[in-house]
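Let's take a walk through this protein together, from the overall layout down to single side chains. Have the viewer ready and follow along as each part comes up.

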Amino acid sequence: MKRPKPQSLPTSVQKTLFAATNSNNTNTTSPLSSSSLSLPTTELLVQLFSDRIFIVISQRSGKLGTLLQCTHEHSMINNSHTYHVDTLLGKRDDTPCEVYVRQITERIVQLGLGGKSSAGAAAAIQCPPILLGIALKKDDRGDSTR
């Protein structure tokens, strides 16, 4: 049996984010701190594959939630960036999730540019497709927590 080559295996980073509380059980990480405000635990997983980046953001005990894909294209003609967002699994009418995946992709493209905005630097960036699995808890109003 052949073993996979190390470069074909994904690089993974996993982090669990907890809301810090002070002695009064109030949230100290939010500017809207109050004793009635509690932020859910958020799990973050990033896996870098050779052909795409897979990100999971979950507040629902590791559940995948809605799976979206965002691709990036750069036009050398007018130096513009185009982003295409597709919902692969889950809620198709979840606009905030589409905004999240696009914003994450834009940030990754900006990181690849190194803060440069010239046409030559923009042409050099080849951002792989971003797969985002996102499962956020609802707040008291029925909106996803942001």
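The paragraphs below go from the overall fold to the sheet, the core, a few loop residues and the salt bridges.

A word on the ground rules. This is a predicted model, in which local features need pLDDT of at least 70 and side-chain atom pairs count only at pLDDT 80 or more, while totals for chains, interfaces and linings use all residues. Residues are numbered from 1 along each chain as its sequence is written, and side-chain values use heavy atoms, with hydrogens and water left out.

Let's begin with the overall fold. The protein has two helices and six strands; here helices (H or I, at least four residues) and strands (E, at least two) are DSSP runs, numbered from the N terminus. Along the sequence the pattern reads β-β-β-β-β-α-α-β. Of the 146 residues in the protein, 28% are buried. Buried means under 20% relative accessible area, exposed means over 50%, and partly exposed lies in between (1.4 Å probe, protein chains only). The accessible surface, from the Shrake-Rupley method with a 1.4 Å probe, comes to about 9,900 Å², and 53% of it belongs to carbon and sulfur atoms.

The six strands form an open sheet in the order β1-β2-β3-β6-β4-β5, with mixed pairing; two strands pair if DSSP finds at least two bridges between them. At the edges are β1 (11–17) and β5 (80–89), each pairing on one side only. From one strand to the next, the twist averages 15 degrees, where axes are lines fitted to C-alpha atoms (for helices over the stretch in contact) and angles run from 0 to 180 degrees between N-to-C directions.

Which strands does β6 join? Six bridges link β6 to β3, and these two run parallel; five bridges link β6 to β4, and that pair runs antiparallel. L131 in β6 shows both sides, as the bridge partner of F54 and of Q69.

Six of its six residues are buried, so β6 is largely enclosed by the rest of the structure. In a regular strand the side chains alternate between the two faces of the sheet. Here I130, L132 and I134 point one way from β6, while L131, G133 and A135 point the other way.

That leads to the core. A nonpolar core is a set of buried Ala, Val, Leu, Ile, Met, Phe, Trp, Tyr and Cys residues joined through side-chain atoms within 4.5 Å. The largest one has 14 residues, and those with the most contacts inside it are I55, I57, L68, V101, I130, L132 and I134. β3, β4, α1 (95–113) and β6 each supply at least two residues of this core. Leaving aside neighbours within four places in sequence, I134 is in contact with I57, L64, G65, T66, L68, C97 and Y100.

Two loop residues are worth a stop. N79 sits in the loop between β4 and β5, with a positive phi near 55 degrees. Most residues other than glycine have a negative phi. N79 is partly exposed, at 29% relative accessible area. S61, in the loop between β3 (53–58) and β4, counts as exposed at 68% relative accessibility. S61 and T41 are 20 residues apart in sequence and 8.6 Å apart in space, C-alpha to C-alpha.

Finally, how many salt bridges are there? The count is two, a salt bridge being a side-chain nitrogen of Lys or Arg within 4 Å of a carboxyl oxygen of Asp or Glu. One joins R52 and D51, with the closest N and O atoms 3.7 Å apart; R52 is partly exposed at 25%, and D51 is partly exposed at 44%. The other joins E106 and R102 at 2.6 Å, N to O. Both E106 and R102 lie in helix α1, four residues apart, about one turn of the helix. E106 is buried at 17% relative accessible area, whereas R102 is partly exposed at 35%.

Note on methods
Contact means heavy atoms within 4.5 Å.
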